[in-house]
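Morning, everyone. I'll take helix packing first, then the aromatic rings. Please have the structure open.

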Amino acid sequence: MAESGGTSLSGLPGTNPLGFLAALGAQFALDWRGKSCAMFWTDQPIPQPVLEPAVDLDEIAEAVLFVAARWLDGPALDESVDPKLKLKSQEIREYLEQARVAGTSGLLAACLLAEGSLDRSQIAKPSDFYFTAGQQKFVSIARTNLGEVTKDEIIADLGSRWSYEGARDSLMWDTVDDRDHALSASDPSKSKKPTNPGAEALAVLGLVRFPSFASQGRTRTQGCSGSWKSGAFTWPLWGVPASSRTAGSLLGHVAPEGAERHRLKWYRAWGINRVLQSQIRRSDQGGYGTFGPPRVVWQRE
């Protein structure tokens with residue numbers, strides 16, 4: 001939907017991590033196809049991303065499908081990779097080296113793993129956005145979401161309220177995935193969760209904006225803070241059109257709650273309207289991750 005010379009992606013709520021990641025994915029896909037657009041967020045109760053100059057949803061969907069096909073042929077999500085990314089030290093190094101020489105199609109690898117970042121079993125400790133566990137396989141789910149998504153599904157999730165009619169597995173970045181067993185009549189893990197396949201595929205592309213880094217004791221992921229078991233994701237919504245690179249800079253400069261005092265004076269200057277945060281919760285049984293409900297930690301007065 002056009003808005004003030006731009007295109008409003010009215011299906012992507014900025015208050016939901018999945019919607020935010022999906023918006024970044026749409027902008028990234030357009031960049032790769034040579035159709036660079038600036039993006040900003042409306043100042044509504046549920047902010048929506050707007051792309052400038054205006055671009056058809058059809059064109060965005062085509063760009064997403066183009067990038068998805070290249071990523072499926074790239075090293076980050078290659079079928080030969082352990083689908084759970086349970087790599088040993090030398091395997092991580094080889095994985096990242098292959099991704100580095102692959103150029104843009106390998107960018108995702110550095111957002112999933114970091115060299116030298118291992119758990120107690122000397123196996124790769126992945127990104128904070130790695131919410132899968134048990135029988136779920138991150139690489140397989142990401143490949144399916146990118147490989148099976150259709151143009152119509154992308155357009156639907158970009159431009160209208162999500163219908164939750166998809167049957168594919170989810171990477172669990174939607175806040176509605178946070179289904180507390182104590183508040184359910186039955187164990188929610190035993191029921192099939194409907195998804196929004198267009199948004200899920202877009203969000204995989206958006207993950208490229210959140211690189212991971214090795215740190216003592218765990219992997220650090222841009223935008224995330226706290227511990228592996230009890231963390232948080234903090235993200236900004238800006239009201240001034242920002243290029244893809246500028247948006248990436250904003251993501252790197254927003255501080256988690258409790259560490260942001262020295263940056264508050266800059267938020268207005270950077271055009272940020274709101275900073276939100278969702279808890280990252282991981283179950284004791286298996287370590288499945290979910291995002292808790294978002295809350296505003298800073299807002300322009």
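How many of the residues of H7 are buried? The count is 10 of its 10, so H7 is mostly covered, where buried means under 20% relative accessible area, exposed over 50%, and partly exposed in between (1.4 Å probe, protein chains only). Helices here are DSSP runs of H or I with at least four residues, strands are E runs of at least two, and both are numbered from the N terminus.

Quick ground rules. This is a predicted model, in which local features need pLDDT of at least 70 and side-chain atom pairs count only at pLDDT 80 or more, while totals for chains, interfaces and linings use all residues. Residues are numbered from 1 along each chain as its sequence is written, and side-chain values use heavy atoms, with hydrogens and water left out.

Back to H7. Its buried residues include Pro-197, Glu-200 and Gly-206. What do the buried residues of H7 pack against? They pack against H1, H2, H5 and H6. Contact means heavy atoms within 4.5 Å.

Take H1 with H7. H1 covers residues 17-32 and H7 covers residues 197-206. Their axes come within 6 Å and cross at roughly 70 degrees. Axes are lines fitted to C-alpha atoms, for helices over the stretch in contact, with angles from 0 to 180 degrees between N-to-C directions. H1 and H7 are therefore roughly perpendicular. The classes are: under 35 degrees roughly parallel, over 145 roughly antiparallel, 65 to 115 roughly perpendicular, the rest oblique. H1 passes H7 in a left-handed crossing. Left-handed means that the near helix is turned anticlockwise from the far one by less than a right angle; clockwise is right-handed.

Who makes the contact? On H1, the residues include Leu-18, Leu-21, Gly-25 and Phe-28. On H7, they include Ala-199, Glu-200, Leu-202 and Gly-206. By class, this contact has 11 nonpolar, 2 polar and 1 charged residues. Nonpolar covers Ala, Val, Leu, Ile, Met, Phe, Trp, Tyr, Cys and Pro; charged covers Asp, Glu, Lys and Arg; the others, Gly among them, are polar.

Next, H2 and H6. H2 is residues 57-72 and H6 is residues 151-159. The axes come within 9 Å and cross at roughly 125 degrees. That makes H2 oblique to H6. The crossing is right-handed. Among the H2 residues in contact are Leu-57, Ile-60 and Val-64, and among those of H6 are Lys-151, Ile-154 and Leu-158. The classes are 8 nonpolar, 1 polar and 3 charged.

Now the rings. The structure holds 19 aromatic pairs. Rings of Phe, Tyr and Trp (its six-membered ring) pair if their centres lie within 6.5 Å; planes under 30 degrees apart are stacked, over 60 edge-to-face, the rest tilted. Phe-20 and Trp-235 form a tilted pair, 6.2 Å centre to centre and 40 degrees between the planes. Phe-20 sits in H1 and Trp-235 in strand E8, 215 residues apart. Phe-20 is buried at 0% relative accessibility, and Trp-235 is buried at 0%.

The centres are 6.2 Å apart and the planes at 65 degrees, so the pair is edge-to-face. Phe-129 lies in the loop between H4 and H5, Phe-291 in strand E10, 162 residues apart. Phe-129 is buried at 1%, Phe-291 at 0%.
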